[in-house]
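Me: I'd like to learn how to read pockets in a protein model. Can you walk me through it?

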Amino acid sequence: MSRETGGALLSMLQLHHEQPVPLYRQLETELRRLILTGDLAAGLRLPASRQLALDLEISRLTVKNAYEQLVSEGFLKAVRGAGTYVAQISTYELHPQDIPSQSEPSAHRQRLSERAAAVACTGATTRLEGFRAFRPGVPALDLFPRKIWAAIYSRVLRQGDGDLFSYGPAGGLPGLRRSVAEHIRDLRGVRCEPEQIIITAGAQQAFALVALTLLNPQDVAWCEDPGHIAGRDALALFGIRALSVPLDSDGFDLSHALNSLPSARLIFVTPSHQHPLGMTLSLERRMQMIEYARLSEAWIVEDDYDSEYRYVGRTIPSLRSLDRYGRVIYIGSFSKSLFPGLRIGYLVAPPDLVDTFAAGQILLSQNVSPVTQEVLRRFIDDGAYHAHIRRMKSIYQVRQERLLEALGKHAADLFEASFTDAGMHTIAWLKDDHVSDTAIAQNAWAAGVDCLPLSIFCNRESIAPGLMLGFACAHEEEIPDRVEQLVTAVRKGSSLTR
Ligand SMILES: Cc1ncc(COP(=O)(O)O)c(C=O)c1O
């Protein structure tokens, strides 16, 4: 530490008196920059603060402030009685040969973890934004009773317990857990203690929590194919081998899985309304699946994502309601029944795993906002939730009918589509099965109409081309025009073969 700097440093420092940034901050930034670029080498002694202040025509306090900050960050070293020096920053010690070479330094994916690389191209991010007709998975956002919600929100902010403004108890607010437990008991036949409900940031986080808590990397999960992309890829993100199981008219083809796949630690299913195709898992399959899980001590994740909307017949009881052995982890969400931006879902944990799930939730992202949980709790308990679902159910039924009428009128030669018993979307199968549904969907997007091609839900299996059309967020009056736009786009793309 013997070399000194003075005039050289002065010539490199650029301070601008006219800028709103205080001079001590400018000096700090400049010195940091010069140290990082190597212009001020380790061991160099900086001018005394008094001297630098005189040279730069700034106050001594400004220089002292900047020096002290950089000493606290480790860029400078103050040696009592000897002055201030540029510190040794370890990267400058490294020789080029010490730095592992990258075959393609510019390839971003080279730097990903193995788990992230496995899902870097996930289709789960396809068209998440927006909510124009016929965007699947998005409810009628404009019909959400914002005034009621806002009034409750305002009451909670004004009168709510101070605890609501803190982190909140692990697992969720007891009141909301109780309301959710009652709701799923009444609607889905799920019997559980309120303490078993873990409030999560949507169903998606519940999937991650299950993977984190119950499985090890390389464990096998059986997943529907076509199936829910974000669920499957969340498992893969945790290093789990998410293997494809084809579907038949009864849903998840269990015998295919039993005969041709390694045994599973987890089965991921949407039994009430298969995503995306919409069939219901038959009772026989349900019982077989539970029996398999019992015998092999596997878990079943029941993703009951849109069960609030059933248009024909009575609501089908959940798979969880048939499980006497505690193998089914039931997962629900408020994304379809209220709005996805709420980011609240839940899982029903086995009694002895409640604490572990709750702890996992805290480690993944802390609790869902207690204020929002309390607003939701009151929204449910006041009856607004059930009223909203009832109202939406009759509106969605009409919207679906309008959609099918318009498809029948304008596109009977192009599509095969039928009334779906449940949920918020229908499938329009393309009659010409040589065309590419992806290319057609892209044409539709460009023409201003939303939809998702069925092929994006496939992992290994391939199915006939089709479009997933969401009717929930499409206004009745706009449906005929949007269908015409869609049909034009499809006709334009009908030469685009797969
Ligand atoms: C099959 C399926 N499960 C669950 C969800 C809900 O996920 P979240 O609650 O994270 O919004 C969706 C949403 O699109 C879905 O399609």
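Reply: On a 1 Å grid over the protein atoms alone, a pocket is an open set of points with protein on both sides within 12 Å along at least five of seven lines, and lining residues have an atom within 4 Å of a point. Points are joined across faces, edges and corners, and a volume is the space filled by probe spheres set on them. This is a predicted model, where local features need pLDDT of at least 70, side-chain atom pairs count only at pLDDT 80 or more, and totals for chains, interfaces and linings use all residues. Residues are numbered from 1 along each chain as its sequence is written, and side-chain values use heavy atoms, without hydrogens and water.

Me: What volume does the second largest pocket have, and which residues are closest to its centre?

Reply: About 290 Å³. Its lining has 16 residues, with Arg115, Ala118, Val119, Asp233 and Ala236 closest to the centre. Helix H5 (114–119) gives the most, four residues; helices (H or I, at least four residues) are DSSP runs numbered from the N terminus.

Me: And what about the largest pocket's volume?

Reply: That one is about 1000 Å³. Of its 40 lining residues, Ala124, Leu128, His228, Ala230 and Lys336 lie nearest the centre. Helix H9 (229–237) is among the suppliers, and gives the most, with five residues.

Definitions and conventions. On a 1 Å grid over the protein atoms alone, a cavity is a set of points where a 1.4 Å probe fits but cannot get out, and a pocket is an open set with protein on both sides within 12 Å along at least five of seven lines; lining residues have an atom within 4 Å of a point. Helices (H or I, at least four residues) and strands (E, at least two) are DSSP runs, numbered from the N terminus.
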